[in-house]
Amino acid sequence: MGFQIERLAVLSDNYIFLLHDPQSHTAAVVDPAEAKPVLQALERLGARLTAIFNTHHHGDHVGGNSELLRHFPGIPVYGSAQDAGRIPGQTVQLQQGDHVSFAGVEGTVFFVPGHTRGHIAYLFPGHLFCGDTLFAGGCGRLFEGTAAQMVTSLDKLRSLPDPTQVWCAHEYTLGNLRFALTVDGENPALQERLRRTQVLRSQGEATVPSTIGVERETNPFLRVDEPALHQVAGSRDRVEVFAHIRSLKDHF
């Protein structure tokens, strides 16, 4: 791939992702919650920012846009067409199937509403930047969308190849897996993942990125077809199963 990925931990539990091309000394940023950590990383790398990729309009994903644009005026700011007017500085409106590029690498846009009505994700070869739609061991709350929308959105992502790295925007994994165990407790892959995650977090290590394969095995929101989840929800309907376990997670 034509760029490297730097994970910047910010706020209480957010991640900003900096895509860095050492050959051209350029960088792009995904969901800059704050500008200062991005500017510091750019200075350390000797790189200039050439693009901002936003997944959705929430402040902990776009909060750094305006200041970054003061330092790098005129660079494109990508976001969902549904978020036009809600993302600071947005210049490019994206829809399902659109393409973007950085450092000569093409990415594909997925429209994945549910957490918000306009949420999108960016898939570069082998790397998914999914904001708050899919988390390691979980998924985003339904602030603006419906359970049916989120099931459709997660289906798009769960169909990606197993090795695809999942760069989600929050360090929620430990709490997500503790909840997952309450609805899918007989899942040995989940039990082992929780054990490994507890070790990582006790050492201050990040759990992001995950992979689609790991999520498909252990994330209850990608397992709505599993009998164990049907039993918990008292239904075999995929949307009803999702809605039930999402409600349980909201009150966990």
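Buried means under 20% relative accessible area, exposed means over 50%, and partly exposed lies in between. The model in these exercises is predicted.

**Exercise 1. Classify Glu192 and Arg195 by accessibility, and describe the contact of their side chains.**

Step 1. Glu192 has a relative accessibility of 31%, so it counts as partly exposed.

Step 2. Arg195 has a relative accessible area of 44% and is therefore partly exposed.

Step 3. The two side chains meet in a salt bridge, with 2.7 Å from N to O.

Step 4. Both residues belong to helix H6 (residues 188-202), where they lie three residues apart, about one turn of the helix.

**Exercise 2. Find the salt bridge partner of Glu144 and locate both residues.**

Step 1. The partner is Arg86, and the closest N and O atoms are 3.1 Å apart.

Step 2. Glu144 sits in the loop between strand E12 (138-139) and H4, while Arg86 sits in the loop between strand E5 (77-80) and strand E6 (92-94). The pair links distant parts of the chain, 58 residues apart.

Step 3. Glu144 is partly exposed at 31% relative accessibility. Arg86, with a relative accessible area of 25%, is partly exposed.

**Exercise 3. Give the order of the strands in the open sheet of six strands, and identify the strands at its edges.**

Step 1. The order is E7-E8-E9-E10-E13-E14, and the pairing is mixed.

Step 2. Strand E7 (99-102) and strand E14 (210-211) stand at the edges. Each has a single partner strand, so one side of each is left without a neighbour in the sheet.

Step 3. Inside this order, strand E10 (residues 127-131) pairs with strand E13 (residues 165-168) in the parallel sense, over four bridges. His127 has Gln165 in E13 as its bridge partner.

Step 4. Helix H4 (residues 147-158) lies across strand E8 (105-111) and E10, and it runs at about 150° to E8.

**Exercise 4. Describe how H4 packs against helix H9.**

Step 1. The axes of H4 and H9 (residues 238-250) are 9 Å apart, and the packing angle is about 100°.

Step 2. Angles of 65 to 115 degrees count as roughly perpendicular, so H4 is roughly perpendicular to H9.

Step 3. On the H4 side, the contact holds Ala147, Ala148, Met150, Val151, Leu154, Asp155 and Arg158. On the H9 side, it holds Arg238, Val239, Phe242 and Ala243.

Step 4. By residue class, the contact of H4 with H9 has eight nonpolar, no polar and three charged residues.

**Exercise 5. Start from Arg238 and trace the salt bridge network that includes it.**

Step 1. Arg238 forms a salt bridge with Asp225, with the closest N and O atoms 2.7 Å apart.

Step 2. Arg238 is in helix H9, and Asp225 is in the loop between helix H7 (212-218) and helix H8 (227-233), 13 residues apart.

Step 3. Arg238 counts as partly exposed at 25% relative accessibility, as does Asp225 at 37%.

Step 4. Salt bridges with shared partners join Asp155, Arg158, Asp225 and Arg238 into one network.

**Exercise 6. State how E5 is joined to strand E4 and to E6.**

Step 1. Strand E4 (residues 48-53) and E5 run parallel and are joined by two bridges. Ile52 stands opposite Val77 in E5.

Step 2. E5 and E6 run parallel too, joined by three bridges. Here Gly79 stands opposite Gln93 in E6.

**Exercise 7. Locate Ala103 and list its contacts beyond four places in sequence.**

Step 1. Ala103 is in the loop between E7 and E8.

Step 2. Leaving out residues up to four places away in sequence, Ala103 touches Gly2, Phe3 and Asp21.

Step 3. Its relative accessible area is 32%, so Ala103 is partly exposed.

**Exercise 8. Describe the backbone at Pro209, Leu11 and His25.**

Step 1. Most residues other than glycine have a negative phi, and most peptide bonds are trans.

Step 2. Val208 and Pro209 are joined by a cis peptide bond, with omega about 10°. Pro209 is in the loop between H6 and E14.

Step 3. Leu11 has a positive phi, near 50°. Leu11 lies in the loop between strand E1 (4-10) and strand E2 (14-21).

Step 4. His25 has a positive phi, near 55°. His25 is in the loop between E2 and strand E3 (26-30), and is partly exposed with a relative accessible area of 44%.

How values were computed. Residues are numbered from 1 along each chain as its sequence is written. This is a predicted model: local features need pLDDT of at least 70, side-chain atom pairs count only at pLDDT 80 or more; totals for chains, interfaces and linings use all residues. Side-chain values use heavy atoms; hydrogens and water are left out. Two strands pair if DSSP finds at least two bridges between them. Contact means heavy atoms within 4.5 Å. Axes are lines fitted to C-alpha atoms, for helices over the stretch in contact, and angles run from 0 to 180 degrees between N-to-C directions. Buried means under 20% relative accessible area, exposed over 50%, partly exposed in between (1.4 Å probe, protein chains only). Angles under 35 degrees count as roughly parallel, over 145 as roughly antiparallel, 65 to 115 as roughly perpendicular and the rest as oblique. Ala, Val, Leu, Ile, Met, Phe, Trp, Tyr, Cys and Pro count as nonpolar, Asp, Glu, Lys and Arg as charged, and the others, Gly among them, as polar. A salt bridge is a side-chain nitrogen of Lys or Arg within 4 Å of a carboxyl oxygen of Asp or Glu.
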